[in-house]
Amino acid sequence: IAVEDRRFFSHHGMDPIRIAGAAWRNFRAGRIVEGGRTITQQLARASLSAERTYDRKIREILLAAQIEQRYTKAQILEQYLNTVYLGDGYYGVEAASQGYFGKSALDLEPHEAALLAALVRSPSSDAPSVAPARALKRRNLVLRLMRRQGLLSEAAWQTANAAPLPQDARRSGEGAA
């Protein structure tokens, strides 16, 4: 939540502040460079076509609103975390946790959870097996955001920030699709 949708618990499927910021950055770039999607919109997007059009974006927002009306925030977050792609063939945080760290998601340390959160943006190119330096930089960004948002103490942040990446992903097939 710290990196993907920090206002998740306060919006109703779309975040006007985030959308306005993304629209401004897209306007300045002259093309779509950022989507401004909430976690609920990302979940809705999975059931729509892959086309990048404004029509699909409108359908995504409408579907996100329906999802928000039908399900609790906890249910939405659980569904998202169970289906999100996290690189190296892992779908969902439990599969990725088993694959990258050999343990349940419930037992993750902050630096491990932050790595999984970091992978959401670009799982194929930010995976530690593909680009360890990028994965570490992105993980540390997530840790900084967690610290700024009061989710980690200073001591916990320092410990997590100093932790190494997993040496090699456990490709035992426990969650790889």
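Helix axes are taken here as lines fitted to C-alpha atoms over the stretch in contact, with angles running from 0 to 180 degrees between N-to-C directions. Helices themselves are DSSP runs (H or I, at least four residues), numbered from the N terminus. The model is a predicted one, so local features need pLDDT of at least 70 and side-chain atom pairs count only at pLDDT 80 or more, while totals for chains, interfaces and linings use all residues. Residues are numbered from 1 along each chain as its sequence is written, and side-chain values use heavy atoms, with hydrogens and water left out.

Take helix H8 (residues 132-148) and helix H9 (residues 154-162) to begin with: their axes come within 10 Å and cross at roughly 180°. That makes H8 roughly antiparallel to H9 (an angle over 145 degrees). On the H8 side, the contact (heavy atoms within 4.5 Å) is made by Arg139, Asn140, Leu143, Arg144 and Arg147, and H9 brings in Glu154, Trp157, Ala160 and Asn161. Sorted by type, these residues come out as three nonpolar, two polar and four charged. For this sorting, Ala, Val, Leu, Ile, Met, Phe, Trp, Tyr, Cys and Pro count as nonpolar, Asp, Glu, Lys and Arg as charged, and the others, Gly among them, as polar.

H8 also meets H6, and here the axes come within 8 Å and cross at roughly 110°. That makes H6 roughly perpendicular to H8 (65 to 115 degrees). From H6, Pro110, His111, Ala114, Leu115, Ala117 and Ala118 meet Ala135, Arg138, Arg139, Val142, Leu143 and Met146 of H8. This contact of H6 with H8 splits into nine nonpolar residues, one polar and two charged.

Next comes the interior. A nonpolar core is a set of buried Ala, Val, Leu, Ile, Met, Phe, Trp, Tyr and Cys residues joined through side-chain atoms within 4.5 Å, with buried meaning under 20% relative accessible area (1.4 Å probe, protein chains only). The largest such core has 24 residues, and Leu86, Ala96, Tyr100, Phe101 and Leu116 have the most contacts inside it. Two or more residues each come from helices H2 (39-45), H3 (54-70), H4 (73-83), H5 (93-101) and H6 (110-119). H5 gives the largest share, four residues. Apart from this core lies another, of 11 residues, including Ala2, Ala114, Trp157 and Ala160.

His11, finally, sits in the segment before helix H1 (16-29). His11 is buried, at a relative accessible area of 7%. Leaving out residues up to four places away in sequence, His11 touches Asp5, Thr38, Thr40, Glu68 and Lys73.

How values were computed:
Buried < 20%, exposed > 50% of the residue type's maximum accessible area, 1.4 Å probe, protein only. Parallel < 35°, antiparallel > 145°, perpendicular 65-115°, else oblique.
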